[in-house]
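Here's a quick tour to read alongside the model. Keep the 3D view open and look up each residue as it comes up.

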Amino acid sequence: MVHYNEFQAIVLAGGKGSRMTELTAGQPKCLLPIANVPMIWYPLQILERSGFKEAIVVVSELTKFEVSAALDKLGLKIKLEIVGIPGAEDLGTADSIRLIHEKIYTDFLVISCDLIANIDISKILNLYRKHNASITALMLPVPKVPDDFVTPGPKSKQKPETDLIGIDNNTGRLVFLASASDFEETFNISQRLLRRHTNFTVHSKLMDAHLYIINKWVLDFLVYNKNFTTLKGELLPYIVSKQLSRPKSVDDRNTSMVQVDLKEDIFRFAVEKPLDKLIRKMSAFNDHSTDLEEAYYGDIIRCYGHISNEKFGLRANTVQMYHFANAKILEWWGANGKTTEQLALLPNISSTATIHSTQMQECYVDDNSTIEEKTSLKHSYIGSNSVVESKTRVSQSVIMGHVTIKQRCVIHNCILCNGCTIEEGTELKDCLVGAQHIVTSGSQHSREVLTDADRLIEF
Amino acid sequence: MCKKDVLQAVILADDFTTSLTPSQNIFPSILMPVINVPLFDYMLETLIKSRIQEVFLYCSSHIDLLKEYVKVKNYKGTAISLIISDGCSSLGDALRDIDTKGWIRGYFILIRGNTFVTADLKSLLNAHCLKVEKDKGATMTMVLRNLGSTKNSYMSEEASLVVSDKSSNKMLYYTKLKNSEKKVKLELNWFLDHSEIELNTCYLDTHIYLCSPSVLPLFADNFDFQTMDDFIRGVLMNEEILDSRIYWQQLDVEDYALPITSWKAYHMLTQDILRRHSFPLVADAFSSLKNFIYMPQSTYKHETALAKGCVLEKDCILGLNSALGNNTKVARSVIADHCIIGSNVNIRNSYIFSNVRIKDNCTIVNSILFPNCIVRYGSQIDGCILCPEIDVAARSQYIDIIVESQSSGVSKTKMLELEVNDEFLYFKNNKLAECDNCSTESSSSEEDSERDSPIPDDTNMFLSEVIDSLLRGYQDKLNCENLILEINSSRYAYNVTIREVTYNVIKAILSLPLHYLAETKTPVNSQNYQKNLKAIITYFNPIILNYVKNENAQDDCLRAIEDIASTTDELLPYTQHLLNQFYDRDILSEEKILEWYESTSEDADVFHSKVRNAVQPFIKWLREAEEDSTESDND
């Protein structure tokens with residue numbers, strides 16, 4: 001290895017999709033199709049477009065072969081190193097990073113496989129470079145789901161998670177980070193923070209997109225401190241809160257030896273390089289003009305948040321978001337003229353598909369699928385090796401691979417997982433059919449999850 | 001909305017505070033001289049420029065002075081009417097009084113008399129009217145000035161937290177930050193109901209309020225609104241019931257405003273005027289401050305002033321017909337008209353009002369000398385306020401006092417004895433106080449962050465649980481049997497081994513006095529600690545006996561004592577008595593204590609040997625007793 005990389009890219013794809021177990025029973029979360037492409041393609045193409053030549057993809061050991069086979073088909077130029085971690089589905093994001101720390105030798109970028117967005121990473125990288133940050137995170141506006149959008153499955157009053165994200169108006173520093181669900185009615189904010197950052201905005205309609213650029217020392221800290229299991233929930237809030245702290249002065253050596261556990265001290269890792277310090281002291285640069293303090297208030301730990309103003313971006317980590325991404329992806333992709341060619345990789349209708357239907361609107365059909373005559377398909381995605389028999393109507397649905405829909409069925413606004421079979425004359429509205437499930441003929445379902453109960457438990 | 005033909009402003013001549021003691025006894029806030037010109041002169045200039053047609057001046061004290069003053073002024077089209085109410089004692093009462101008079105008909109500008117402002121008030125009021133068009137319930141707009149940061153400035157006590165909706169500047173919460181509170185409590189709903197909330201501490205209330213007609217009735221309906229802060233808090237809390245909202249607006253960056261809320265603010269305002277931050281209201285540009293010669297380093301001298309052979313260092317002004325002697329030095333000070341100052345006088349950070357005489361070789365630092373004072377030869381005045389017509393004898397030395405003349409004679413009050421607390425302290429002690437604040441603040445927040453750092457493990461949780469149980473048990477005098485049951489159930493909840501239980505229970509008992517003292521707010525010192533520990537051990541004896549049953553448990557018990565004693569200074573000298581008590585109560589056996597004492601633990605460090613040193617006398621006694629007993633056995 002002679003070449004030098006400024007950043008390494010790590011794609012986290014080992015999650016089991018705990019917020020959408022109905023869908024992930026049949027296949028790994030990162031391979032769930034969005035517009036007939038495994039969702040992991042989206043973060044990878046972001047990296048590829050931004051000029052990354054290689055990336056590490058972290059997956060669960062069990063799914064390694066499946067994922068690498070799927071990735072080979074995507075025809076990406078970026079060189080991927082797929083790392084399987086035993087039991088990754090039960091590990092937190094920070095744990096996964098800790099396990100592969102030997103492969104990381106420099107500052108790195110972490111992206112999650114469920115980030116479906118059209119963003120330009122270079123802006124975030126520049127923000128990171130400009131301030132020599134500890135962590136820079138991407139913040140996306142929470143997608144607005146229209147009221148008439150129905151998520152397949154039973155009605156649930158699922159409260160969306162709200163992040164409270166405080167960003168300094170003058171410097172762009174990420175000064176406050178918390179999840180609204182951590183609090184009941186009130187919460188406290190320290191006066192020190194208020195007096196230091198005299199003017200900041202707390203956003204509640206932004207979400208942390210789980211795209212981080214992380215300094216190498218944070219990794220060292222993470223490797224040492226094994227208490228952190230997740231990046232978003234634990235590590236990042238901790239680092240953000242530590243920005244206000246100062247390294248402990250070492251002169252009271254006599255008393256601190258035993259009581260202060262030096263190993264725990266974050267400032268053992270967060271050390272400013274002597275040259276950086278000298279530059280900071282000698283430079284006239286200051287990141288703020290509100291008071292007479294030195295640049296960055298002398299803080300060594302600095303977190304920044306980049307607010308993206310792109311039209312779309314979401315994390316497909318719930319059934320609702322997954323379905324929403326499928327419903328909107330074409331519109332978003334089309335809206336941004338220059339990127340349509342990327343999706344050209346996906347022809348509307350695969351050359352190996354057999355289509356006899358004459359009524360098809362805005363549908364994508366993948367390899368080796370068969371659509372028989374006298375069918376009507378609207379706004380739907382049909383995965384590979386699926387069969388839609390005649391006299392069947394499908395609309396606004398996602399049909400994954402190896403699905404068989406028999407005659408005279410009506411499928412509206414549904415998600416049909418891998419390998420399920422819909423017998424004759426079934427009517428499904430707003431339903432979710434689990435993998436390998438067989439829906440008996442003539443039945444009618446609305447707003448239900450149809451799956452083999454034991455399958456969910458088994459996983 | 002705002003088509004009222006007449007632009008009205010209400011000025012409260014008083015601010016109903018004592019923060020500028022003793023000036024409220026001498027003149028109303030609005031006549032406070034700033035560079036020898038009453039504050040009202042500056043205000044009038046702004047009012048005239050803003051084309052305010054009708055001004056109501058609400059007078060509640062020093063009425064004769066105000067009447068006199070108003071009579072001689074030229075108002076260029078602005079009509080001034082006095083509302084006289086002797087003895088009104090709060091802003092709320094004043095506004096209720098104005099409401100009953102019924103002279104205010106529409107939108108108006110409310111100005112508190114202690115403020116200094118250069119801004120176009122008319123356009124500010126128009127901006128408020130635009131807000132009313134969008135939101136009928138907009139009752140008031142506060143004008144705030146962006147100071148950047150109030151940290152390390154004279155205004156740090158004025159720092160307030162403004163929580164507002166970013167898109168509309170609708171105020172959600174407004175509070176003064178108190179140094180004593182480390183945390184500020186915020187409502188979660190503010191953040192969930194609005195997509196972007198701004199939290200600001202860089203703003204300063206300018207004491208200028210743009211009011212809708214609904215402000216006066218609100219004051220009339222709510223008798224408990226005494227101050228402006230009461231009003232803001234009350235309206236924000238009952239926003240929906242009152243259907244009123246408060247907005248804020250930032251003062252244009254080119255404008256200047258500063259309310260004189262303390263002597264520090266007074267000092268800052270004067271310095272800012274001298275440095276021409278408040279242009280056009282500055283010396284030689286403003287009609288009341290004419291005929292000044294502007295010299296380098298922000299120093300000014302009136303044409304008639306005599307200042308030969310003296311040094312005007314920086315930021316100072318010399319008024320009409322004043323004279324300075326040879327070798328006199330002046331820095332950051334104001335010397336008003338008709339002052340005569342001798343030679344070799346040193347004046348710094350001081351305000352010398354008109355007709356003051358200072359003889360040779362005096363030093364005046366950080367002080368305020370009201371009119372007609374005389375300071376005689378060789379006196380030193382530091383951090384003092386001299387009320388009018390005080391005569392300071394030669395070679396006297398005054399530090400940090402207020403000197404007032406009363407019928408009975410001259411009274412001197414120590415600054416520190418005043419109840420006005422640190423808001424009042426003049427420049428000298430100020431720096432010190434600030435530093436103190438900083439250091440305590442930073443250290444305490446360090447502790448805070450330590451406390452919320454990573455997740456405690458089960459054993460620590462168990463320990464804190466035990467401490468809670470015991471503390472409650474001790475306070476409510478619960479039965480020890482029940483406490484044992486409670487501890488045992490915690491033990492299973494956290495899956496703690498029996499040896500750890502013993503260790504932690506002893507640890508909890510030994511640290512209990514500290515928690516108990518903290519709870520009862522008694523100061524923590526060795527004496528209190530030991531007294532309480534004794535009582536606690538007596539009370540919890542059954543518990544200790546229950547857990548320290550066998551030899552292993554005794555080891556754990558000793559280990560706990562050693563660990564706590566090594567980290568708790570209060571316990572260390574008492575350790576030997578503690579061992580003695582445990583020995584007497586048959587909790588610890590002689591052999592075990594000696595075995596522990598002789599064992600050199602692997603991590604033998606300074607602290608643990610310190611503990612062994614501390615218990616040495618007891619061990620010695622124990623050994624002697626042992627020898628005695630063996631001897632007696634032999635007999």
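In chain B, B:Arg145 sits over the face of B:Tyr256, 4.5 Å from the ring centre. Chain A has a charge over a ring too: A:Arg302 lies over the face of A:Tyr296, at 3.9 Å from the ring centre. Bear in mind that you're looking at a predicted model.

**Rings meeting rings**

- Counting over all chains, you get 36 aromatic pairs.
- One of them joins A:Phe221 and A:Phe228, with 5.8 Å from centre to centre and 50 degrees between the planes, and it goes down as tilted.
- A:Phe221 is buried, because its relative accessibility is 1% and the cut-off for buried is under 20%.
- A:Phe228 is buried as well, with a relative accessible area of 3%.
- A:Phe228 also pairs with A:Tyr238: the ring centres are 5.1 Å apart and the planes are at 50 degrees, so this pair is tilted.
- Where do the two partners sit? A:Phe228 is in the loop between α7 (216–224) and α8 (231–242) of chain A, while A:Tyr238 is in helix α8, so their pairing ties together parts that are ten residues apart in sequence.
- Over in chain B, ring pairs build a cluster out of B:Phe27, B:Trp263, B:Tyr266, B:Tyr351, B:Phe353 and B:Phe370.

**A closer look at A:Gln8**

- You'll find A:Gln8 in strand β1 of chain A, which covers residues 8–12.
- Is A:Gln8 buried or exposed? With 8% relative accessibility, A:Gln8 counts as buried, because anything under 20% falls in that class.
- The side chain of A:Gln8 reaches the backbone nitrogen of A:Tyr105 at 2.9 Å.
- If you skip the neighbours within four places in sequence, the residues in contact with A:Gln8 include A:Phe52 and A:Ile56, plus a run that takes in A:Lys103, A:Ile104, A:Tyr105, A:Thr106, A:Asp107, A:Phe108 and A:Leu109.

**Chain B as a whole**

- Chain B contains 20 helices and 36 strands.
- It has 635 residues, and 54% of them count as buried.
- Take the contacts in chain B with a separation of 6 or more: 57% of them are between residues 24 or more positions apart.
- The accessible surface of chain B is about 28,200 Å², and carbon and sulfur atoms account for 48% of that area.

How values were computed:
Residues numbered from 1 in each chain as written. Chains lettered and ligands numbered in written order. Predicted model: local features only at pLDDT ≥ 70, side-chain atom pairs only at ≥ 80, totals over all residues. Heavy atoms only, no water. Helix = DSSP H or I, 4+ residues; strand = E, 2+ residues; numbered from the N terminus. Buried < 20%, exposed > 50% of the residue type's maximum accessible area, 1.4 Å probe, protein only. Polar contact = N/O pair within 3.5 Å; in protein donor to acceptor, adjacent residues only side chain to side chain. Contact = heavy atoms within 4.5 Å. Phe/Tyr/Trp six-rings, centres within 6.5 Å; stacked < 30°, edge-to-face > 60°. Lys NZ or Arg CZ within 6 Å of the ring centre and 35° of its normal. Areas by Shrake-Rupley, 256 points an atom, 1.4 Å probe, with all protein chains shown as cover.
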